[in-house]
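Colleague: I'd like to learn how to read a model like this one, feature by feature. Could you take me through it?

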Amino acid sequence: MARSGNFGFGDDEMMLRDSARKFFADHCSADKVHALVAHDANIHRDIGSNWDKALWQQITGLGWTAICVPESAGGVGMPVVAAVAIAEEAGKAAFPSPLIATFNATFVLRECGTDAATRALANIASGSSATLAMTNAKGSWEASDTDVRFGNEKLNGTAWYVQDAQKADSIIVSAVSADGIGLYLVDPTARGVEIIPDGIIDLTRDQAHISFKDVDAMELAPPGAGDEAIRRAMPAILCMVSADMVGAGEWLLQTTVEYARTRVQFDRPLGFFQAVKHPLVNVMLEVDRAKSLTYSAACAIDEDPGQALREARMAKSAASDMAVFSASRAVQFHGGIGFTWECFVHIYFKRQMHNHVLYGDGKYQRTKLADLIVGEAA
Amino acid sequence: MTEAGRKDTPEQAEFRAHCQKWLAENHPGRPPVHIPQGALELSDPAALEWLQAWQKAAYDAGLVGCDYSKDCGGGGMTDCQAIANQAMQQAKTPYFPNIIGLGMAAPTVYFHGQDGVKQKLLRKLLSGEEIWCQGFSEPGAGSDLANQQTFAEKRGDTWVINGHKVWTSLAHFASWMILLCRTSKDDKYNGLSYFVVPIKTALGKGVTVRPLIKMTGETGFNEVIFEDLVVEDKYRLDEVGAGWKVAMTTLAHERGAGVLVTPSAGGMVTGEQGRASVSSAQGLIDLAQQSPRHGKRAADDPAIRDAIIQLMIRQEGFRQNQRRAGVAALTDHPMRIPLQFKLVATEMNQDIAQLAYEIEGAASSLYVNDPAAPLGGQYPLAYMNSFGVTIAAGANEVQRNILGERVLGLPKSR
């Protein structure tokens with residue numbers, strides 16, 4: 001199938017990216033993020049969620065969370081690369097928000113095909129946030145693994161590793177019944193819902209496990225159809241997390257390069273020394289590989305869906321490995337200062353380490369790809 | 001894998017159809033003689049002759065030099081060479097033998113050659129009738145290319161050349177050489193000039209070509225000695241003292257970062273029939289399915305599976321980087337991706353061959369001269385040969401300096 005040479009980044013997508021870039025530069029500089037999320041260095045600090053809700057509301061007001069909602073649900077109906085463009089800029093700014101969670105929820109809802117899902121999408125289009133509750137206590141990324149049960153019209157059990165749960169206006173819960181996996185919409189303030197925040201390393205988001213006790217739920221996808229909806233949305237979900245890592249990787253690269261240009265030791269800027277220069281070039285190679293693979297996978301979702309999962313797993317594998325590498329080199333080449341709380345690098349280091357495991361790290365993706373490409377092992 | 005091509009212009013679409021039709025009817029088929037893995041390893045005149053006939057046929061059909069002007073023997077088209085290249089890759093054709101000529105000499109002569117001379121030279125270069133070689137490296141000028149000692153002295157209207165070039169691939173077949181040399185000892189960079197010089201017609205008359213044997217046991221490259229070779233001034237490219245600037249045109253094209261797309265055929269497997277090429281990660285899967293390992297197939301070993309998929313991801317990443325390099329708005333610096341091509345491609349191919357070596361296990365110890373060697377010993381051979389390209393054209397350590405300095409803006413390491 002012929003694909004766009006520009007990955008589907010048309011004028012509208014580029015305009016959106018440029019305005020996102022400007023918005024984050026104006027409102028979400030690294031020092032602001034640091035002041036917002038890193039004001040308490042105490043290792044035993046209270047578990048909380050630090051974010052600027054007013055800034056988030058500006059973004060929803062600009063319609064960025066509506067871009068991938070279909071027009072039939074009141075959205076803009078843009079291709080997935082448009083969300084990739086925003087997610088990349090958000091990653092570059094280490095933006096604390098339920099942006100990725102809401103995009104991921106959008107992609108799952110798009111696959112449900114029910115009136116209830118269309119109404120949930122309409123809510124997102126008008127500025128509401130959402131998150132996915134689909135992971136079990138073992139941290140499985142498989143679409144059919146959930147510890148939540150659906151029976152007698154009620155949800156019971158616990159969902160784990162829910163992203164930005166404290167910021168989300170609604171929760172999409174994967175739950176199992178005798179007829180298979182269904183998806184359900186839950187109001188986080190409803191009776192029987194308890195959000196128990198996790199103490200996490202990443203300072204720019206929150207995570208929780210959510211307990212459900214006889215919770216009323218609206219069906220989004222009937223039992224037997226929920227896991228399939230998640231599976232179909234998985235390429236887009238992997239692209240969002242990859243794009244976030246690509247943006248953060250570019251920030252780490254440019255910030256470390258700037259430091260290597262100015263920090264002088266042995267009467268030379270650090271970047272004079274090939275022991276520093278060459279690994280920084282290697283970081284650039286990895287960022288570029290992950291970026292191109294992410295764009296290609298996102299493009300495939302709209303233009304060549306049969307290839308999308310394979311390409312998205314490749315993108316996530318490359319982006320996850322790049323995330324770890326870019327973060328490690330940034331701390332190392334900043335030297336002593338890079339090891340401190342006051343240096344901004346740790347904000348990105350922690351976001352990269354969080355993202356790289358989400359929905360499966362590089363090795364996990366490659367195990368899946370090997371089954372897909374080489375065939376199941378004997 | 002679907003082709004990630006841009007949407008064709010009408011000229012391109014028509015040309016693509018022409019290429020596909022011609023290739024379907026005129027594929028040269030299986031070679032009657034052994035063809036080495038790459039043009040740089042050519043040593044058998046019969047193999048060269050067969051490949052020259054293929055290049056000439058493709059040239060006559062308009063598939064070579066499409067974007068060069070018509071007066072220089074080109075097709076006079078715009079952005080069509082990449083289309084011909086894709087069509088030839090898909091048709092799994094043999095490679096072109098005049099690889100140095102097409103990739104380096106042609107764009108350099110085209111942009112810097114004197115009128116009258118370039119028109120004459122380029123036609124037979126593009127058709128493959130005249131083979132070209134490159135005279136850059138010297139015993140004392142490897143990665144430090146500007147340290148040229150070969151000297152061209154102006155005597156009246158002509159130049160007299162003395163010096164010693166090394167690692168000169170294809171010199172034993174070459175009619176012409178692109179030559180970087182010194183015309184002044186006063187300035188390292190501005191003392192360089194650039195010529196095209198005859199080789200074949202000057203053998204024994206100022207030019208000596210001696211083969212060098214590679215670590216693989218193959219020949220293919222040479223040392224070339226110049227002793228009072230007389231060259232007419234019309235064969236000088238650009239101004240006296242502008243040699244470094246001209247050399248940058250050569251190197252940009254060699255690294256895949258030049259203005260013109262290099263005519264490039266390939267895809268045909270030179271070893272066993274029906275197999276993927278030794279530089280394709282896909283070939284590793286076939287190999288792993290045939291190779292025993294701990295009582296199972298190597299294809300069932302999770303460590304091997306992971307390593308193969310890593311290379312497939314790198315290969316796909318390279319392909320998608322090529323796609324992105326064509327979209328200015330998606331690249332922060334125009335040379336950021338093009339300057340990566342040589343580095344990334346050569347290390348990837350090296351790692352593919354090295355992994356194949358591992359997958360073959362004990363049998364990887366068998367070489368080309370043992371009939372029991374898996375796939376005729378092609379992978380160990382490819383692994384050793386892969387160092388030719390990680391070293392040549394500016395060792396990859398130099399490539400990392402270039403990327404760090406020109407793209408990232410880090411201070412120069414010298």
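Predicted model: local features only at pLDDT ≥ 70, side-chain atom pairs only at ≥ 80, totals over all residues.

Colleague: What is the secondary structure of chain A?

Modeller: Helices (H or I, at least four residues) and strands (E, at least two) are DSSP runs, numbered from the N terminus. Chain A comes to 12 helices and 10 strands.

Colleague: How does the radius of gyration of chain A sit against that of a compact globule?

Modeller: The radius is taken over C-alpha atoms, and the globule rule is 2.2 Å times the number of residues to the power 0.38. For 378 residues the rule gives a value near 21 Å, and chain A has 21 Å, which agrees. Its C-alpha trace spans about 75 × 50 × 50 Å along the principal axes.

Colleague: And what percentage of chain A is buried?

Modeller: Count the other C-beta atoms, placed from the backbone, within 10 Å of a residue's own: 20 or more is buried, 12 or fewer exposed, and in between partly exposed. In chain A, buried residues make up 56% of the 378. Helix α8(A) is largely enclosed by the rest of the structure, because 24 of its 30 residues are buried.

Colleague: At what angle do α4 and α8 of chain A pack?

Modeller: Axes are lines fitted to C-alpha atoms, for helices over the stretch in contact, and angles run from 0 to 180 degrees between N-to-C directions. Here α4 (residues 80-92) and α8 (residues 274-303) of chain A pack at about 150°, with axes 8 Å apart. That makes α4(A) roughly antiparallel to α8(A); the cut-offs are under 35 degrees for roughly parallel, over 145 for roughly antiparallel, 65 to 115 for roughly perpendicular, and oblique for the rest.

Colleague: Which residues of α4(A) make the contact?

Modeller: Contact means C-beta atoms, placed from the backbone, within 7 Å. On α4(A) the residues are A:Val80, A:Val81 and A:Val84, and their partners on α8(A) include A:Tyr295 and A:Ala298.

Colleague: How many residues of chain B touch chain A?

Modeller: 40 residues of chain B are in contact with 39 of chain A. On the chain B side, α8(B) gives the largest share, 14 residues.

Colleague: What does a positive phi tell me?

Modeller: Most residues other than glycine have a negative phi. B:Lys92, not a glycine, has a positive phi of about 50°; B:Lys92 sits in the loop between α3 (81-90) and α4 (99-112) of chain B. B:Leu170 also has a positive phi, near 65°, and lies in the loop between β3 (158-169) and β4 (176-182) of chain B.

Colleague: Is each of those two buried or partly exposed?

Modeller: B:Lys92 is partly exposed, with 14 other C-beta atoms within 10 Å, whereas B:Leu170 is buried, with 26.

Methods
Residues numbered from 1 in each chain as written. Chains lettered and ligands numbered in written order. Contact = placed C-beta atoms within 7 Å.
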